[in-house]
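Please look over the sequence and the model shown here before reading on.

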Amino acid sequence: MAVQLLYFAWVREAIGRDGESVELPETIVTAADLVDWLAARGGGYAQAFANPSRLRAAIDQSFVQLDAPVAGAREIALFPPVTGG
Amino acid sequence: MRQILVGEADFDSAALLGELESLGGGAVASFMGVVRGGDGLTAMRLDHYPAMTERALADIAVRAEARWSLLGLVIIHRVGELRPGERIVFVGTASAHRAAALDACHFLIDWLKTEAPFWKKESFADGESRWVAARCEDDQATARWGA
């Protein structure tokens with residue numbers, strides 16, 4: 001099933017796009033697996049996703065840890081730690 | 001009364017305080033964040049995750065309302081391009097007595113810093129720009145309120 005990926009802040013800038021629709025291979029179980037899979041694309045993706053400790057994620061608009069399962073997700077957002085307020 | 005707003009427009013903090021004062025309680029507390037000048041900062045851009053932001057703020061408001069007896073709660077957070085001295089964020093609370101309003105206001109701004117999907121990018125006079133890094137002090141401030 002297609003999943004909508006969204007990127008924010010420097011993740012978006014490194015990749016050069018704010019989102020995309022992808023078909024996730026079955027080997028991707030967690031958000032961390034997704035990060036590794038995206039990093040393997042190289043270029044800006046490798047730059048954005050090389051260091052998972054700098055990344056945070058939300059699945060269907062709720063914050064999750066990177067070890068959260070992605071099964072059934074419609075929208076997965078990847079971004080740096082938030083800096084609002 | 002609960003008011004949550006995210007947008008580019010400036011807001012009237014005096015009017016917001018007036019609304020909180022009119023709710024019949026004995027206490028109104030507020031926090032306002034302003035773009036800090038200095039170090040050659042010329043502008044700050046605030047990005048957010050629109051589909052998630054209002055929901056995240058509503059979740060934070062629900063937590064505050066469950067924990068303290070509040071008559072009113074206001075969260076306003078601006079996004080887009082802001083200059084030094086401009087207002088970024090307003091948190092206001094009203095309650096019967098001061099402790100609830102003060103504590104809830106402090107909780108709300110601490111949680112906003114770490115649990116709402118906003119990102120700041122600073123631009124400087126020398127043409128440099130950089131994304132603001134998250135501060136571990138902010139995580140500690142949030143953590144002290146418990147889960």
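A:Ser21 has its place in strand E2 (residues 19–23) of chain A, where helices (H or I, at least four residues) and strands (E, at least two) are DSSP runs numbered from the N terminus. Not counting residues up to four places away in sequence, A:Ser21 touches A:Ala2, A:Val3 and A:Gln4, contact meaning heavy atoms within 4.5 Å. The C-alpha atoms of A:Ser21 and A:Leu66, which are 45 residues apart along the chain, are separated by 20 Å.

This is a predicted model, in which local features need pLDDT of at least 70 and side-chain atom pairs count only at pLDDT 80 or more, while totals for chains, interfaces and linings use all residues. Residues are numbered from 1 along each chain as its sequence is written, chains are lettered from A and ligands numbered from 1 in the order in which they are written, and side-chain values use heavy atoms, with hydrogens and water left out.

**Two further residues and their contacts**

- A:Ala58 lies in strand E3 of chain A and is buried, with a relative accessible area of 0%; buried means under 20% relative accessible area, exposed over 50%, and partly exposed in between (1.4 Å probe, protein chains only).
- Leaving aside neighbours within four places in sequence, A:Ala58 is in contact with A:Phe63, A:Val64, A:Glu75, A:Ile76, A:Ala77 and A:Phe79, and also with B:Tyr49 and B:Met52 of chain B.
- The C-alpha atoms of A:Ala58 and A:Arg12, 46 residues apart along the chain, are separated by 15 Å.
- B:Gly25, in the loop between H1 and E2 of chain B, is partly exposed, with a relative accessible area of 29%.
- Leaving aside neighbours within four places in sequence, B:Gly25 is in contact with B:Leu71, B:Ser95 and B:Ala96, and its C-alpha atom is separated by 11 Å from that of B:Ala100, 75 residues apart along the chain.

- A:Ala9 has a phi near 55°, a positive value in a residue other than glycine; A:Ala9 is found in helix H1 (residues 9–15) of chain A and counts as buried at 0% relative accessibility.
- B:Asp39 has a phi near 55°, again a positive value in a residue other than glycine, but B:Asp39 is found in the loop between E2 and strand E3 (41–48) of chain B and is exposed, with a relative accessible area of 76%.

**Helices with a buried face**

- In helix H2 (residues 31–39) of chain A, the buried residues are A:Ala31, A:Leu34, A:Val35, A:Leu38 and A:Ala39.
- Seen down the axis of H2(A), these buried residues fall within an arc of 135°, so they line one face of the helix, the arc being that of the directions from the helix axis to the C-beta atoms.
- The cover over the buried residues of H2(A) includes strand E1 (2–7), helix H3 (43–49), strand E3 (56–59) and strand E5 (75–79) of chain A.
- In helix H1 (residues 13–21) of chain B, the buried residues are B:Ser13, B:Leu16 and B:Leu20.
- Seen down the axis of H1(B), its buried residues fall within an arc of 60°, so they line one face of the helix.
- The buried residues of H1(B) pack against strands E1 (2–7), E2 (27–34), E4 (72–78) and E6 (87–95) of chain B, whereas the face turned away from the buried side carries the exposed residues B:Ala14 and B:Glu21.

**Helix packing in chain B**

- The axes of helix H2 (residues 50–67) and helix H3 (residues 98–115) of chain B come within 10 Å and cross at roughly 150°, axes being lines fitted to C-alpha atoms, for helices over the stretch in contact, with angles running from 0 to 180 degrees between N-to-C directions.
- That makes H2(B) roughly antiparallel to H3(B), since angles under 35 degrees count as roughly parallel, over 145 as roughly antiparallel, 65 to 115 as roughly perpendicular and the rest as oblique.
- The residues of the contact of H2(B) with H3(B) divide into nine nonpolar, no polar and three charged (Ala, Val, Leu, Ile, Met, Phe, Trp, Tyr, Cys and Pro count as nonpolar, Asp, Glu, Lys and Arg as charged, and the others, Gly among them, as polar).
- The axes of H3(B) and helix H4 (residues 136–143) of chain B come within 8 Å and cross at roughly 130°, and H3(B) and H4(B) are therefore oblique to each other.
- The residues of the contact of H3(B) with H4(B) divide into two nonpolar, two polar and five charged.
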